[in-house]
Amino acid sequence: IGLDETFKKLNELADVIDKDAVIGVLMTGAKMGRDEIKDTAPVGKKKHKEGWPTILEATFATEGNPNKDKRGPTVIFGVSAHRAPQAFWMEYGVHPGGGKTFVVRPYFRVAVAAVRPALAQTIQDGLKEEIDKVAS
């Protein structure tokens, strides 16, 4: 099932079950992703530049913006590279502006791959539970 089809099905569900319930289920999965990133992210001992949060501090899970994303209920998890630019450098080993290279310490893609099966199952089980509530 593709992303467009997934959003179509979520919108159909949002017509039947409470939209907040759908977002609650999705947020449970997003928090799993966020927590896995935090568990996998490299934590160095070097002091960060003034005002730069650590990768752990810049990791988030949040509800999507319904005014921007018309596809339906969404949640997002990840690391804000705007808040913690080193997050990008650690993942890819290069400065986004080019030139400078770093030792690659991938963590984000590793975390997403590790949590994907459990995250998918959690969302599936949560949506089934919400559908069962409406059906009974």
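Helix H4 provides eight residues to the lining of the largest pocket, the largest share. The model is predicted, with local features requiring pLDDT of at least 70 and side-chain atom pairs pLDDT 80 or more, whereas totals for chains, interfaces and linings use all residues. Residues are numbered from 1 along each chain as its sequence is written, and side-chain values use heavy atoms, without hydrogens and water.

The chain contains four helices and two strands (DSSP runs numbered from the N terminus: H or I of at least four residues for helices, E of at least two for strands). Their order along the sequence is α-α-β-β-α-α.

The largest pocket holds about 840 Å³ of space. A pocket is an open set of points on a 1 Å grid over the protein atoms alone where a 1.4 Å probe fits, with protein on both sides within 12 Å along at least five of seven lines; lining residues have an atom within 4 Å of a point. The lining comprises 24 residues, with Thr 6, Leu 10, Leu 26, Leu 119 and Ile 123 nearest the pocket centre. At least two lining residues come from each of H1 (3–16), H2 (19–40), S2 (75–79) and H4 (108–135). By class, 16 are nonpolar, four polar and four charged (Ala, Val, Leu, Ile, Met, Phe, Trp, Tyr, Cys and Pro nonpolar; Asp, Glu, Lys and Arg charged; the others, Gly among them, polar).

The axes of H2 and H4 come within 8 Å and cross at roughly 160° (lines fitted to C-alpha atoms over the stretch in contact, with angles from 0 to 180 degrees between N-to-C directions). H2 is therefore roughly antiparallel to H4 (an angle over 145 degrees).

Notes
Points joined across faces, edges and corners; volume = space filled by probe spheres on them. Parallel < 35°, antiparallel > 145°, perpendicular 65-115°, else oblique.
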